[in-house]
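Subject: Structure for your review

Dear colleague,

I am handing over the structure below, together with notes on what was found in it. Please read the notes with the model open beside them.

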Amino acid sequence: MNLQCTKNMQLLINDESTCKKDGICANECPVAIIRLKDGNGFPEMVQGGEGICLLCGHCVAVCPQGALSHIKVPIEECPPILKEVEISEEQAIQFLRSRRSVRFFKNRPVEKEKIQRLIEAARYAPTGSNSQSIEWTVFTDKTEIRNLAGLTVEWMKNVREANSQAIADFPYIPMIIAAWEMGMDVVLREAPALIIASAPQKNTSGMTDLSISLSYLDLIAPKLGLGTCWAGLLQGGLTSWKPLKDAVGLPEGHSQHYPMMLGYSKYKYFRLPERKLPKINWK
Ligand SMILES: Cc1cc2nc3c(=O)[nH]c(=O)nc-3n(C[C@H](O)[C@H](O)[C@H](O)COP(=O)(O)O)c2cc1C
């Protein structure tokens with residue numbers, strides 16, 4: 001490949017022997033920082049573009065000729081989309097519909113290598129302005145996870161005592177406390193692993209970003225033989241109960257939004273349960 005760095009910018013590299021000067025990269029750039037050079041029609045990044053570039057790699061991904069690379073998103077690190085791996089709509093629907101919330105786990109630890117693979121897949125989820133600011137806090141010690149469940153129950157007891165309206169709003173709280181006192185963990189379901197995605201509080205799309213990432217992880221987990229469940233009760237405690245926040249110990253300045261339990265599912269599912277029809281307000 002005859003790669004040449006264009007003169008007045010450092011980030012874009014195009015292979016002039018294959019570039020068709022079709023301008024697709026320039027038209028598709030989400031922040032409009034690519035233009036075709038006046039003289040020879042090859043794409044270049046506008047002056048100052050480096051500071052605006054999202055590093056999203058669209059310019060590299062959209063070029064049919066593979067003529068464009070980017071110093072920070074090199075074409076060598078952007079594999080081609082393989083036709084033979086594409087799935088049909090029917091396959092995609094079954095894939096989405098067969099994801100289940102798993103609440104009963106085998107008493108088997110989850111290999112860190114598998115958790116790493118799940119997180120590697122989840123990092124391909126979209127993030128606002130391609131910020132990719134999510135960090136992952138992972139618990140794999142069942143005793144520590146049980147401790148977090150216990151602290152959540154402690155928070156519930158505190159809520160019960162401090163605010164009688166809370167019980168009206170969350171009628172399941174007394175049942176969860178009673179179950180815990182009988183030795184049953186309904187909070188974290190004796191999950192062997194717990195994943196908490198967090199993002200900087202100052203990132204305005206952070207909580208959405210991490211929810212989408214966790215959804216990716218949720219969807220891919222069964223492909224590694226694993227099951228997940230969103231941990232809403234733990235989330236409830238984390239919003240206000242300091243002992244629980246301290247025990248979780250997120251990175252400085254970070255917030256979470258719904259942790260996720262992870263483990264090998266005790267049960268298999270054989271059917272796709274129906275859901276409500278969508279309520280669409282066409283305008
Ligand atoms: C944000 C969120 C929080 C949830 N929290 C809990 C939880 O704390 N405990 C639990 O057992 N299930 C929890 N769930 C799972 C839901 O109950 C479940 O998604 C729903 O019943 C549908 O079942 P399915 O996920 O198998 O389709 C949560 C789900 C979401 C999306």
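To begin with the contacts between charges and rings, the charged end of K21 sits over the ring of F42, at 4.6 Å from the ring centre, where "over a ring" requires NZ of Lys or CZ of Arg to be within 6 Å of the ring centre and within 35 degrees of the ring normal. R189 likewise lies over the face of F104, 5.4 Å from the centre of that ring.

Before going further, please keep in mind that this is a predicted model, in which local features need pLDDT of at least 70 and side-chain atom pairs count only at pLDDT 80 or more, while totals for chains, interfaces and linings use all residues. Residues are numbered from 1 along each chain as its sequence is written, and side-chain values use heavy atoms, with hydrogens and water left out.

F104 is partly exposed, at 43% relative accessible area, and so is Y267, at 45% (buried is under 20%, exposed over 50%, partly exposed in between, with a 1.4 Å probe and protein chains only).

The other pair joins F170 and Y172, whose ring centres are 6.0 Å apart and whose planes meet at 65°, so that it is edge-to-face. F170 is partly exposed at 39%, as is Y172 at 35%.

Turning to the ligand, its shell includes R99, R100, W230, Y258 and R275, where a residue belongs if one of its heavy atoms lies within 4 Å. Both β8 (227-230) and α9 (232-238) supply at least two residues of that shell. An oxygen atom of the ligand is 2.7 Å from a side-chain N or O atom of R100, and the corresponding distance for R275 is 2.7 Å.

How values were computed: A polar contact is a pair of N or O atoms within 3.5 Å; within protein, one must be able to donate a hydrogen and the other to accept it, and residues adjacent in sequence count only if both atoms are side-chain atoms. Helices (H or I, at least four residues) and strands (E, at least two) are DSSP runs, numbered from the N terminus. Rings of Phe, Tyr and Trp (its six-membered ring) pair if their centres lie within 6.5 Å; planes under 30 degrees apart count as stacked, over 60 as edge-to-face and the rest as tilted.
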